[in-house]
Amino acid sequence: MNICTKLNICTLNSPTSQSRKPLPAIHKHHAMKIEAYFTNIRQEILKELEKAQKQITIAVCWFTNFELFDKLCEKLVNGIPVDLIILDDYINCNPYGCDFSKFIELGGGLFLSSTDRPMHNKYCIIDDNVLINGSYNWTYFAESKNDENIMIIEGNEKLIQEYN
C-alpha cells in the first residue's frame, strides 16, 4: 500500500475536453504581463511562489522536487493555503518521494488524479493573479534531463478563472 492510499486522499478525474468552455479571447491591457522561460525554470517558479500572499493551487502530473515541495510547506507554515493535484502513481506516492503526509499535516489540500484517466496538466495559480503553465512537471527530470518550458502570465483574470 503506498503512502497516498494510506492517507485516504480523495481521487478526482479530470474533466473531458467537451465539458470545458472555449477560452475567451485574450485582450491586452496595461496590467497583463507574459513571460516565457526555457531555462532555470525551478528558480522562476520559486520566485513566484515566494511572492504568494493569499493562496496557491497547483496541478502537475508528477511532483518529486524537494526544493519546490519545501517552499510549499513553508508557505503552509506561514498561513498561505495550498492545494495540490497530482497523479496517484508510484512516482508520486513512494516512500522515498516528497512527504505528502507532512504536507497534509501542515494543512495542505492534496488531491489525486486517477491513473485510469490521468490529469496531465501542469499549472500553478498564485493569488488568483499569476498563472504558471507549460510542459514542466515539478520533478528532477524536468529540471535536469528534459527540455521544458513555462509561461508566467500575470494579470489576466479571465484566463486564470478558466484554470480554477
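Student: Which residue forms a salt bridge with Glu50?

Tutor: In this predicted model, Glu50 pairs with Lys71, and their closest N and O atoms are 2.3 Å apart. The two partners sit in distant parts of the chain: Glu50 belongs to helix H2 and Lys71 to helix H3, 21 residues apart.

Student: Which residues are linked with Glu50 in a network of salt bridges?

Tutor: Lys71 and Glu74 join Glu50 in that network.

Student: How many salt bridges does a search of the whole structure find?

Tutor: The search finds 6. One of them joins Glu67 and Arg42, with 2.9 Å between the closest N and O atoms. Glu67 lies in helix H3 (residues 66–77) and Arg42 in helix H2 (residues 41–51), so this pair ties together parts that are 25 residues apart in sequence. Here Arg42 counts as buried at 18% relative accessibility, while Glu67 counts as partly exposed at 37%.

Student: And what about Lys51 and Glu48: where do they lie, and how many residues apart are they?

Tutor: Both lie in helix H2, 3 residues apart, which means that about one helical turn separates them.

Key
Residues are numbered from 1 along each chain as its sequence is written. This is a predicted model: local features need pLDDT of at least 70, side-chain atom pairs count only at pLDDT 80 or more; totals for chains, interfaces and linings use all residues. Side-chain values use heavy atoms; hydrogens and water are left out. A salt bridge is a side-chain nitrogen of Lys or Arg within 4 Å of a carboxyl oxygen of Asp or Glu. Helices (H or I, at least four residues) and strands (E, at least two) are DSSP runs, numbered from the N terminus. Buried means under 20% relative accessible area, exposed over 50%, partly exposed in between (1.4 Å probe, protein chains only).
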